[in-house]
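Please find my notes on this model below. They are meant to be read with the structure open.

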Amino acid sequence: MRETPEELDKLQSLLDSSLAGSTAHLRSIVEDRTITAAQLTGVLTGMCTLALSTVTAKGEPRISGADGHFLHGRWHFGTARSAAKARHLAARPAASVAHMRGEDLGVFTHGRVEELNPEDAATTADWEELLAYLKDFYGDDSFDWNREVVYYRLNPHWMTVYAPDLGKLTGT
């Protein structure tokens, strides 16, 4: 868990407001089957496979997989700079991601991506911290981190979690 108390508070507020503003149908499924922000950050460690949804120039949805890392209360993921999803996100930064573990966990997020290591511009202030984490996770020589891959942070405006049994997720 890398979240500060302020980040946990912000994430909890997002989870609460997202659920409160959801449809009655979704609330009937998720209410009493969710977890807190602190519990969520304890469960989402390491690499989490994401289903990433982008939109083409014709407005057609596209879904693909991505390695997701939940850090500081937000999803971070990367792809090849030449990938279709990179082109989609550059032109239309709205995205949705889902991380599911069978029937035990579903984390659904909508937001806008922020490119962390642009090829022709300055990186974000926290890129070096994230890059150190990624190199530790994947290995220092896995990629040409400046030219081959582009990383994004999904800044969420909506997120909900379905987790009917925390014990199944934590082994307790």
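This is a predicted model: local features need pLDDT of at least 70, side-chain atom pairs count only at pLDDT 80 or more; totals for chains, interfaces and linings use all residues.

1. Arginine 153 belongs to strand E6, residues 149-162. With a relative accessible area of 5%, arginine 153 is buried, because the cut-off for that label is under 20%. Its side chain has two polar partners to look at: the side chain of aspartate 126 at 2.6 Å and the side chain of histidine 76 at 3.2 Å. Beyond neighbours within four places in sequence, the contacts of arginine 153 include Arg74, Trp75, Arg112, Glu114 and Thr124.

2. Helix H4 spans residues 84-91, and its buried residues are Lys85, Ala86, His88 and Leu89. These lie on the same side of H4, because the arc they cover around the axis is only 160°. Exposed Arg87, Ala90 and Ala91 sit on the face turned away from that buried side. Among the elements covering the buried residues of H4 are strands E1 (48-55), E3 (74-80) and E6.

3. Six aromatic pairs turn up in a search of the whole structure. One of them, phenylalanine 70 with tryptophan 75, is edge-to-face, at 5.0 Å between centres and 70° between planes. Both phenylalanine 70 and tryptophan 75 are buried. Tyrosine 133 and phenylalanine 137 are stacked, because their planes are at 15°, with centres 6.3 Å apart. Those two are four residues apart in helix H5 (residues 127-138), so about one helical turn separates them. Tyrosine 133 is buried at 13% relative accessibility, whereas phenylalanine 137 is partly exposed at 39%.

4. Trp127, Trp145 and Tyr151 are joined into a cluster by ring pairs.

Key
Residues are numbered from 1 along each chain as its sequence is written. Side-chain values use heavy atoms; hydrogens and water are left out. Buried means under 20% relative accessible area, exposed over 50%, partly exposed in between (1.4 Å probe, protein chains only). A polar contact is a pair of N or O atoms within 3.5 Å; within protein, one must be able to donate a hydrogen and the other to accept it, and residues adjacent in sequence count only if both atoms are side-chain atoms. Contact means heavy atoms within 4.5 Å. The arc is that of the directions from the helix axis to the C-beta atoms. Rings of Phe, Tyr and Trp (its six-membered ring) pair if their centres lie within 6.5 Å; planes under 30 degrees apart count as stacked, over 60 as edge-to-face and the rest as tilted.
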